[in-house]
Amino acid sequence: MANNTPKAIRGTQDIFGPDAEAFSHVVETFERVRKLYRFRRAEMPVFEKTEVFARAIGETTDVVSKEMYSFEDRGGESLTLRPEFTAGIARAYLTNGWQQHAPLKLATHGPLFRYERPQKGRYRQFHQIDAEIIGAGEPQADVELLAMADQLLRELGISGVTLQLNTLGDGETRGAWRAALIEYFSKVRGDLSEDSQERLEKNPLRILDSKDRRDKAFLADAPRIDEFLSDEAGIFFEDVKSGLKAAGVEFKRAESLVRGLDYYRHTAFEFIPDEGSAAADALGAQSTVLGGGRYDGLMESLGGPATPAVGWAAGIERLAMLVGEREADRPDIVVVVENDAMLGEATKALSKLRAEGFSADMIATGSERKRFTKAQKMDARSIVSFVSSESVKIQGERQSEIESVLA
Ligand code: ATP
Ligand code: MG
């Protein structure tokens with residue numbers, strides 16, 4: 001490589017070969033499963049006005065305060081490359097009047113950008129699949145969304161990953177719990193990590209999420225959400241749990257699971273590898289595969305009407321790591337031109353075969369004598385070789401089918 005060839009940006013990836021096959025397998029499986037659950041596809045822009053994320057996600061979150069790729073465009077407007085899907089989807093829902101379709105089940109996938117410290121399973125441009133149910137306030141929506149996630153992981157053959165489920169209660173619950181956490185952690189303030197001392201004022205729930213040993217010492221005795229659940233929030237959570245049981249979705253209660261973003265209410269969840277599982281080994285420290293929850297307050301933060309909604313997102317790269325490297329599918333057919341005079345005939349045949357749905361490649365370059373051996377190495381299910389106008393040979397599977405396509 002010449003010294004003046006530009007390098008890729010730190011934290012970005014060029015994906016090719018078995019990793020690219022695994023990536024595309026995740027996306028294709030997602031597309032298939034979202035259709036089974038009747039989620040509609042939507043595409044949103046990769047960038048939005050910065051305020052979309054600042055208002056929807058919340059200024060005190062890590063994503064907004066530290067991780068956004070924001071810049072001024074030539075018109076002097078502050079724009080941000082999307083760090084997540086939900087805020088942009090909510091903006092689109094409001095600006096396009098998608099209320100008319102409520103309850104609206106939406107699915108999308110694509111690239112996201114966060115200024116993070118790159119490491120295994122953590123990039124600055126990464127990709128997610130995403131599913132949302134907007135305009136549905138019933139626990140049944142949470143169940144539907146989680147059943148879809150669960151089926152997706154099963155269809156991808158991913159095991160050793162468990163759904164960790166919690167409730168953050170309604171506004172009333174969350175407020176009371178928050179006050180109790182502030183009171184509890186204030187007493188030991190000096191012994192907390194610097195980050196958590198800061199969180200204490202801005203976002204005390206996040207302390208429960210801390211990986212720092214200094215904070216962990218105080219987590220076991222911290223006030224529990226269950227002590228503060230309003231009757232309504234308690235019933236909602238019971239309905240979600242019984243719905244999941246009915247749908248055959250296994251889960252574990254995770255009392256200290258809080259999600260990083262401010263907008264969550266009621267249900268919060270993450271699919272996390274079980275300790276000691278192959279999935280945990282594959283992912284290393286970046287353990288959350290899929291996460292989400294209910295965000296009933298988000299639309300209002302963007303100036304819209306109160307709109308209940310629930311959603312999740314999963315990192316495609318992390319799912320692909322769990323799927324493992326994949327080979328491209330074997331071709332159905334390789335067409336070999338063993339005689340250059342037959343190139344036209346062979347090209348015609350190749351078009352017909354592909355039009356009938358056979359995946360097919362052609363070998364027509366290099367020494368004529370060596371082409372058949374080359375074709376054999378391609379591991380196709382069948383070989384069609386063009387030797388002369390009198391001699392077209394079909395070998396391998398589905399011979400009579402191929403013959404009738406070519407006739
Ligand atoms: P983490 O705790 O790993 O930082 P998060 O809570 O920030 O994750 P979400 O915002 O909930 O993640 O995004 C959902 C999913 O997107 C994560 O579970 C993960 O699979 C994936 N993800 C998030 N950030 C990255 C990243 N920088 N690189 C690759 N995948 C990511
Ligand atoms: Mg993060």
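Arg55 sits at 41% relative accessibility, so it counts as partly exposed, a label for anything between buried (under 20% relative accessible area) and exposed (over 50%), using a 1.4 Å probe and protein chains only. This is a predicted model, where local features need pLDDT of at least 70, side-chain atom pairs count only at pLDDT 80 or more, and totals for chains, interfaces and linings use all residues. Residues are numbered from 1 along each chain as its sequence is written, and side-chain values use heavy atoms, leaving out hydrogens and water.

Who does Arg55 pair up with? Its partner is Glu51, in a salt bridge whose closest N and O atoms are 3.1 Å apart. A salt bridge here means a side-chain nitrogen of Lys or Arg within 4 Å of a carboxyl oxygen of Asp or Glu. Glu51 is partly exposed too, at 40%. Both residues belong to helix 2 (residues 50–57), and because they are four residues apart, about one helical turn separates them. Helices (H or I, at least four residues) and strands (E, at least two) are DSSP runs, numbered from the N terminus.

Now for a pair from two loops. Glu255 and Arg224 form a salt bridge, with the closest N and O atoms 2.5 Å apart. Glu255 lies in the loop between strands 8 and 9, and Arg224 in the loop between helices 8 and 9, so the pair ties together parts 31 residues apart in sequence.

Arg330 and Asp379 also meet in a salt bridge, at 3.4 Å from N to O. Their loops bring together parts that are 49 residues apart in sequence.

Across the whole structure, a search finds 27 salt bridges.

Methods: Chains lettered and ligands numbered in written order.
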